[in-house]
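Me: I have a new structure here and would like to go through it piece by piece. Can you look at it with me?
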Amino acid sequence: MQGAIYINVSKSLLVTRPNHDSLTSCLYHWTKLVLNEAQAKQFKTYDLKGSKVTKSNFKSYVTRNLPSFIFLNGHGAKDRVGGYSKEIIVDISNCKELLKNTIIYVRSCNAGSLLGLASIKNGTIAFIGYTNSFWLIRSKINGTRPLLDPLSKLFLEPSNLIPISLIKGNDVKTSFQKSQDSMWRNFINMSSGSATKEERDAAFFLYCNYSCQVAYGNKAAKLY
Amino acid sequence: MIHKNNKNVKNQELDEYIKELVIARINAISKDLEISFGEKEYTKEEIVASIRENNELGREFIEMQLKFLRDIAGGNIYQRV
């Protein structure tokens, strides 16, 4: 049985948030809320954003700063995660070098399938991600104001709970459960008779995210 | 041999029924939603076309819908794990 493990005395968070299309742009804005929370908790934050999310920059940030928590946003596949314009920044071949001794949250499609398991095998302390597609439903009228869209809020607030909960000192298991509980509550509300048609239509997609969210590795791990 | 052929025909009919069911559910989605995953947004029409083509997206969609419907039918969807 794995006991509690505290990752690092110095609290540090590396975030990638490319913004080369409308989906990543939405995640870009929502991820800023996580950064704000980290800064409020005196974390050292490394914000790799926009066109700077390249493989070489990511490697440089990781090897130079040794962040205790890495939060990746971007398009992904079973064995990799992309950065700006889909350049692959981490995959099975370099996860040992880049993701060792950290807690990772990957907000992208499918990476929980192979990359997650491979990274744990290669020394990542804990990995949270998704084994299938990560769906995001937005309302067309709020397209240019992602933080004001009530539909995407139903998807991204629960997702943000994972890094925010870790930042607040909770362990991986608690953080994962908080996200699951929040998605579940949203799903039930979205499926109810009092929900709007758009919420009811979107509920299925949130259920898909809920069903394929996974956590591997040492679930008792904490950032501090 | 005849039994096997009958079984294949029934499986094909079932597959077609499932496709049409999933397509009907997609067509009922509000036009005010933007559906994003992977590298782009998808319109309802694109998703329906993928299902009819039986490509990777279409197959994934059918699988997801079937899981969802099974979870509803089995009562799992309202039980927390």
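Me: How do α1(A) and helix α5 of chain A cross, and within what distance do their axes come?
Reply: This is a predicted model. In it, the axes of α1(A) and helix α5 (residues 150–167) of chain A come within 10 Å and cross at roughly 30 degrees. Angles under 35 degrees count as roughly parallel, so α1(A) is roughly parallel to α5(A).
Me: Is the crossing of α1(A) and α5(A) left-handed or right-handed?
Reply: The crossing of these two helices, α1(A) and α5(A), is right-handed.
Me: Which residues of α1(A) meet α5(A)?
Reply: From α1(A) they are A:C26, A:L27, A:W30, A:L33, A:V34, A:E37 and A:A38. On the α5(A) side, the residues they meet include A:L156, A:N160, A:P163 and A:I167. Sorted by class, this contact between α1(A) and α5(A) has 10 nonpolar, two polar and three charged residues.
Me: And α5(A) with α6(A), what is the angle there?
Reply: About 165 degrees, with the axes of α5(A) and α6(A) 8 Å apart. Angles over 145 degrees count as roughly antiparallel, so that is how α5(A) runs relative to α6(A). The crossing of α5(A) and α6(A) is right-handed.
Me: Which residues of α5(A) and α6(A) meet?
Reply: Among them are A:L154, A:F155, A:P158 and A:I162 in α5(A), and A:V172, A:K178, A:M183 and A:M190 in α6(A). The contact of α5(A) with α6(A) counts nine nonpolar, seven polar and one charged residues.
Me: Now the sheet. How many strands form it, and in what order?
Reply: Six strands of chain A form an open sheet, ordered β3-β2-β4-β8-β9-β11, with mixed pairing. At the edges are β3 (44–49) and β11 (213–217) of chain A, each pairing on one side only. From one strand to the next, the twist averages 10 degrees.
Me: What holds strands together, in general?
Reply: Strands of a sheet pair through backbone hydrogen bonds, either parallel or antiparallel.
Me: Do β4 and β8 of chain A run parallel or antiparallel?
Reply: Parallel: five bridges join strand β4 (residues 69–73) to strand β8 (residues 103–107) of chain A. A:N73 stands opposite A:R107 in β8(A).
Me: Which helices pack on the sheet, and which strands do they touch?
Reply: Helix α1 (residues 22–40) of chain A touches β2 (12–17), β3, β4 and β8 of chain A, and its direction makes about 170 degrees with that of β2(A). Helix α6 (residues 172–190) of chain A also packs on the sheet, touching β8, β9 (126–130) and β11 of chain A. The direction of α6(A) makes about 175 degrees with that of β11(A).
Me: Back to β2(A) and β3(A): in what sense do they pair?
Reply: β2(A) and β3(A) pair in the parallel sense, over six bridges. A:R17 has A:K49 in β3(A) as its bridge partner. Together with α1(A), the strands β2(A) and β3(A) make a right-handed β-α-β unit.
Me: Last topic, the loops. What is the phi of A:N101, and where is A:N101 found?
Reply: A:N101 has a positive phi of about 60 degrees although it is not a glycine. A:N101 lies in the loop between α3 (95–99) and β8 of chain A. Most residues other than glycine have a negative phi.
Me: What about A:N110?
Reply: A:N110 is not a glycine either, and has a positive phi of about 70 degrees. A:N110 is in the loop between β8 and α4 (115–121) of chain A.

How values were computed: Residues are numbered from 1 along each chain as its sequence is written. Chains are lettered from A and ligands numbered from 1 in the order in which they are written. This is a predicted model: local features need pLDDT of at least 70, side-chain atom pairs count only at pLDDT 80 or more; totals for chains, interfaces and linings use all residues. Side-chain values use heavy atoms; hydrogens and water are left out. Two strands pair if DSSP finds at least two bridges between them. Helices (H or I, at least four residues) and strands (E, at least two) are DSSP runs, numbered from the N terminus. Axes are lines fitted to C-alpha atoms, for helices over the stretch in contact, and angles run from 0 to 180 degrees between N-to-C directions. Contact means heavy atoms within 4.5 Å. Angles under 35 degrees count as roughly parallel, over 145 as roughly antiparallel, 65 to 115 as roughly perpendicular and the rest as oblique. A crossing is left-handed if the near helix is turned anticlockwise from the far one by less than a right angle, and right-handed if clockwise. Ala, Val, Leu, Ile, Met, Phe, Trp, Tyr, Cys and Pro count as nonpolar, Asp, Glu, Lys and Arg as charged, and the others, Gly among them, as polar. A crossover is right-handed if, with the strands pointing away from the viewer, the path from the first strand over the helix to the second runs clockwise.
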